[in-house]
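Please keep the sequence and the coordinates at hand while reading.

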Amino acid sequence: MHTPTPFHVLTPVLQQVQKNGWDEPFIDEVEKLLVKIRNVPLTQSLLDQGYPPSHKFIYYASYFGCLDLVKFAKEHRFPVHYRTLCGAAEGGNLDCLEYLLKTEAPISDHQAENILDSCINLRNIEDNGISLYGYRGQLASFAYLIEHGFRVHLSDVNIFGIWGWESYLCCIVTGK
């Protein structure tokens, strides 16, 4: 299987843009593709062709641990939403989480609580059981945030979420 080159990716994308312009669902698909390929020059090429990035690009990049793309996007002033921090926390990508915490504007108490919630949600549960890698990554994010000043943002919802995870894991392990 060959790795797609920027030419192979750019050609159909630009053909689609010529037909329909940069509409929202298409931008989302392009951003997922760019993060999957993890190619900074390709992203730069699309910018040169008029690609209008959305805040989802940095979310996807941080969720999947593409620190180089996160840095590129920040340097090129891609739009950022505080949920980007949630993406890094959900994905358990501490390098992206740390970078974003250092480079983003201060967040509100409500936003901080939502970021903590991202660490303990149940999104990584699969039909055939639990994704322990995702669970460990989320717990690592949660521990990192608590160690770096988020302890004051703990809420009953966060604490209940942690208890729910532990109860769920006990049921899986014991079969009860």
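The protein averages a pLDDT of 78, and 75% of its residues score at least 70, where pLDDT is the predictor's confidence in each residue, from 0 to 100. This is a predicted model, in which local features need a pLDDT of at least 70 and side-chain atom pairs count only at pLDDT 80 or more, whereas totals for chains, interfaces and linings use all residues. Residues are numbered from 1 along each chain as its sequence is written, and side-chain values use heavy atoms, with hydrogens and water left out.

Where pLDDT is low, the predicted coordinates should not be read in detail.

As for the overall architecture, the protein has ten helices and two strands, with helices (H or I, at least four residues) and strands (E, at least two) taken as DSSP runs numbered from the N terminus. Read from the N terminus on, the order of the elements is α-α-α-α-α-α-α-α-β-β-α-α. Of the contacts in the protein with a separation of 6 or more, 73% are accounted for by residues 24 or more positions apart. Buried residues make up 41% of the 176 residues, where buried means under 20% relative accessible area, exposed over 50% and partly exposed in between (1.4 Å probe, protein chains only). The protein exposes about 10,000 Å², of which carbon and sulfur atoms supply 57%; these areas come from the Shrake-Rupley method with a 1.4 Å probe, and for residues only the protein chains shown count as cover.

With 14 residues, α2 reaches 20 Å from its first C-alpha to its last, close to the 20 Å expected at 1.5 Å a residue, the expected span being 1.5 Å times one less than the number of residues. Its buried residues are Phe 26, Ile 27, Asp 28, Val 30, Glu 31, Leu 34 and Val 35. An α-helix has 3.6 residues a turn, so residues three or four places apart point the same way.

Just after α2, Arg 38 takes a positive phi of about 60 degrees. This residue lies in the loop between α2 (24-37) and α3 (40-48), and Arg 38 is partly exposed because its relative accessible area is 45%. Another arginine with a positive phi is Arg 77, at about 55 degrees although it is not a glycine. Arg 77 sits in the loop between α5 (67-75) and α6 (83-91), and with 74% relative accessibility it counts as exposed.

Which residues does Asn 114 touch, not counting residues up to four places away in sequence? They are Tyr 82, Arg 83 and Cys 86. Asn 114 belongs to helix α8 (residues 109-119), and it is buried because its relative accessible area is 17%. Its side chain makes a polar contact of 2.6 Å with the side chain of Tyr 82; a polar contact is a pair of N or O atoms within 3.5 Å, of which, within protein, one must be able to donate a hydrogen and the other to accept it, and residues adjacent in sequence count only if both atoms are side-chain atoms.

Cys 86, one of the residues touched by Asn 114, is itself buried at 0% relative accessibility. Cys 96 is in no disulfide, the nearest cysteine sulfur being that of Cys 66, 7.0 Å away. With a disulfide taken as a pair of cysteine sulfur atoms within 2.5 Å, the count comes to zero. Cys 96 is likewise buried, at 0% relative accessibility.

Helix α9 (residues 132-150) holds Ile 146, and Ser 141 also has its place in α9. Ser 141 counts as buried because its relative accessibility is 0%; leaving aside neighbours within four places in sequence, it is in contact with Ala 88, Ala 89, Gly 92, Asn 93, Leu 94, Leu 97 and Cys 119. Ser 141 and Cys 119 are 22 residues apart in sequence and 6.2 Å apart in space, C-alpha to C-alpha. Ile 146 is buried at 13% relative accessibility and, not counting residues up to four places away in sequence, touches Leu 116, Arg 151 and Leu 154. Between Ile 146 and Leu 116 there are 8.6 Å in space, C-alpha to C-alpha, and the two are 30 residues apart in sequence.

Definitions and conventions
Contact = heavy atoms within 4.5 Å.
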